[in-house]
Amino acid sequence: MPETASTTRAPAALLPSLAPLLHEWLPRQRWFAGKGRRVIGFTLEAATELLPLDGAGPGLLHLLVRVEQPGRPAGTPVDCYQLLLGVRTQLPPRLAPALIGRIRQGPLAGRAVYEGLRDPRLAGLLYERLRAPGRIGPLGFHRTIDLPPSLAPRMLDAEQSNSSLVYGDTYILKIFRRVSPGANPDLELPLALARAGCSRVPAPVAWFESGASTLGVLQPYLRDSRDGWRLALDALADGRDFAGEAHALGRATAEVHLALATALPTERLHRTQTEHLAGEMDQRLHAAAQAVPALLPYVPGLRAVFAAAGGAVGSGLLQRVHGDLHLGQTLRAADDGGWTVIDFEGEPAKPLAERCRPQPAVRDVAGMLRSFDYAARTHRPWNAEWAARCRAAYCTGYAEASGTDPRTDPALLRAYETDKAVYEVVYEARHRPDWLPVPMSAIERLAGAE
């Protein structure tokens, strides 16, 4: 290890000195979940110097900070965020875009604070910590294999709810920004799939945590692969069919589901559970309609979809699933065309306990069906037949590999499609208003007598 970390140090004056900078910087981050609500304070959960702050070179400060905001639903915990802050006396010009601000008072007065992941030296240090398992203050580092030294890091800019670093085009480290107590499914499920011998998911090779909370996962980087979303858009732009790829993707999804059902506990789906699931969907619809009034005219029709699912006799299993499956969560290899499924975190906006709950596998199927619709809606004119062929081919491939055709449970499948579309409406309204017509067109279709 080229540099030595200090032990945990959390001076009482540290957070107050950082707070003015965090007030300005945090709400602007893509991964900050509390957009639209005022930040009224911070609470320091943990502070660890991964590289001493008082040395001659840059320091690296790892923080877990709770962000206090008004208007949270009763009983929901305060959001906790993981920050990796670089600290320097003078910030080199190449790191100027990463600057968060200069501290005016407290133990780091006069020092520049910046996004540490954008500093190759500090990002490399984090990798070295993963190579050498052990503890640094509250942080625990683990690995399953020996990792090669000195892989050059680069930060990916296509970020959403987390941040990612690629090391030498060999490994990718996902750093969870909003942290919840408990193992993150993006670690738990790929580990379980690896144990089950499923090759559809890159097996984690290292991770770090604080207590029971997963903070980051290192996995093989599939550099020659392309994600399903880009491939689908290219096919649409070229006027090509995508049914063959969709069929293979359906088979890959089924293989993942079968492996998860083998590796982790399952239970039989009964009618009481479908009623409960439909009730939860109805509650989410109610909350969504309050947040996005454009949904209000469709509420009666959407509620009828959920009621039909609740009245259905349950079939199949409740099991662990991907939870947020769409084309962007899949990679296709350049050599053999095989599909890989990634990002098992589930819908980040939902509580961790809900994301880890066993659910019908048809939920993932519905997510992918929505994704074909999303892709086709980006094309002008709207290519409804392209989406219909993909949806049918995907279900056929899934049925061939699993022995269960998701279309044989139409009420539940349609309910999950509807629930997903409602989620998309809220997401787009908050983050990408220009995209709101895409899920709204699905809402109109699903609320009608399709």
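These legends describe close-up views of a helix pair and of a strand sheet in a predicted model. Local features need pLDDT of at least 70 and side-chain atom pairs count only at pLDDT 80 or more, while totals for chains, interfaces and linings use all residues. Residues are numbered from 1 along each chain as its sequence is written, and side-chain values use heavy atoms, leaving out hydrogens and water.

**View 1. Packing of helices α9 and α12.** Helix α9 (residues 362–377) packs against helix α12 (residues 437–447) at an angle of about 120°, with the axes 10 Å apart (axes are lines fitted to C-alpha atoms, for helices over the stretch in contact, and angles run from 0 to 180 degrees between N-to-C directions; helices are DSSP runs of H or I with at least four residues, strands are runs of E with at least two, and both are numbered from the N terminus). The angle therefore makes α9 oblique to α12, where angles under 35 degrees count as roughly parallel, over 145 as roughly antiparallel, 65 to 115 as roughly perpendicular and the rest as oblique.

**View 2. Residues between α9 and α12.** R370, D373, Y374 and R377 of α9 meet V438, P439, S441, A442 and R445 of α12, contact meaning heavy atoms within 4.5 Å.

**View 3. The open sheet.** Seven strands form an open sheet in the order β6-β7-β12-β13-β10-β9-β8, with antiparallel pairing (two strands pair if DSSP finds at least two bridges between them). The edge strands β6 (134–136) and β8 (153–155) each pair on one side only, and the twist averages 20° from one strand to the next.

**View 4. Strands β10 and β13.** Strand β10 (residues 171–176) pairs with strand β13 (residues 213–220) in the antiparallel sense over five bridges, and P220 in β13 is the bridge partner of Y171.
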